[in-house]
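Here's a quick tour for anyone meeting this structure for the first time. Have a look at the picture, then read on.

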Amino acid sequence: MFLNLSFIAVFFLILWIKSPLYLLACTLILNAFAFKNYIKFNKKVFKSILVFNIGVSLGYILMAFFKEINPWNYVIYINLKVYTLTFFVFLFFSHVSIVSFFSFSKEMSYLLSISLSQIYSYRKTFEDFRLAYKARFIKKYRERKRNFITVVFSFFLKKSMHDSHERVLAMRARGFFD
């Protein structure tokens, strides 16, 4: 229970910080806590937030251009905040089991087990598709790769729609909602 409360407290503390300098200091402190794995964590965080941060930053810069305001302070602030929060979450859950973290609630544990089983199932299915593609084509042809991506995307879309319908029925049967 102490870990849950400390996680929530630090998370909200980072959310409360309004200065980019303090956020940078928090990021450096978190890097020190990561010790030998700080490069691995930084790569993981960067890959995780890259698309989101680019989209939000470009949108804000575009809006600021039309309103003739300086966007850079806010862009730096929001990117540092997302980076620091994501780094903290990755670092925390590298030391604490996510399953034990949510064990305080039966419903949360159930939802977590559903989510994790779906993640692992999709990961394995995607890996099977990837290996089948590599085994089938010796040379990588652009057109075949585009077709492969389209087929895999279509498969996962259909699979996720079917799985979500099944999960809704299972959750309704267990009384999560009416």
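## Ground rules

Contact here means heavy atoms within 4.5 Å. Helices (H or I, at least four residues) and strands (E, at least two) are DSSP runs, numbered from the N terminus. What you're looking at is a predicted model, where local features need pLDDT of at least 70 and side-chain atom pairs count only at pLDDT 80 or more, while totals for chains, interfaces and linings use all residues. Residues are numbered from 1 along each chain as its sequence is written, and side-chain values use heavy atoms, with hydrogens and water left out.

## Helix 2 meets helix 4

Let's start with a pair of helices. On the helix 2 side, Pro 20, Leu 23, Leu 24, Cys 26, Thr 27, Leu 30, Asn 31, Phe 33 and Ala 34 do the touching; their partners in helix 4 are Ile 76, Tyr 77, Leu 80, Lys 81, Tyr 83, Thr 84, Phe 87, Phe 88 and Leu 91. Sorted by type, the residues of this contact come out as 14 nonpolar, three polar and one charged (Ala, Val, Leu, Ile, Met, Phe, Trp, Tyr, Cys and Pro count as nonpolar, Asp, Glu, Lys and Arg as charged, and the others, Gly among them, as polar).

How do the two lie? The axes of helix 2 (residues 20-34) and helix 4 (residues 72-95) come within 9 Å and cross at roughly 25°. That makes helix 2 roughly parallel to helix 4 (angles under 35 degrees count as roughly parallel). Axes are lines fitted to C-alpha atoms, for helices over the stretch in contact, with angles running from 0 to 180 degrees between N-to-C directions.

## Helix 3 and its kink

Helix 3 has a kink of about 50°, centred on Ile 49; the bend at a residue is the angle between axes fitted to the seven residues ending there and the seven starting there. Ile 49 is also one of the buried residues of helix 3, along with Phe 41, Asn 42, Val 45, Asn 53, Ser 57 and Ala 64 (buried means under 20% relative accessible area, exposed over 50%, with a 1.4 Å probe and protein chains only). These buried residues pack against helix 2 and helix 4.

Most residues other than glycine have a negative phi. Phe 35, in the loop between helix 2 and helix 3 (38-67), has a positive phi near 55°. Phe 35 is exposed, at 59% relative accessible area.

Just after helix 3, Glu 68 takes a positive phi of about 55° too. Glu 68 sits in the loop between helix 3 and helix 4 and is exposed, at 73%.

How values were computed: Parallel < 35°, antiparallel > 145°, perpendicular 65-115°, else oblique.
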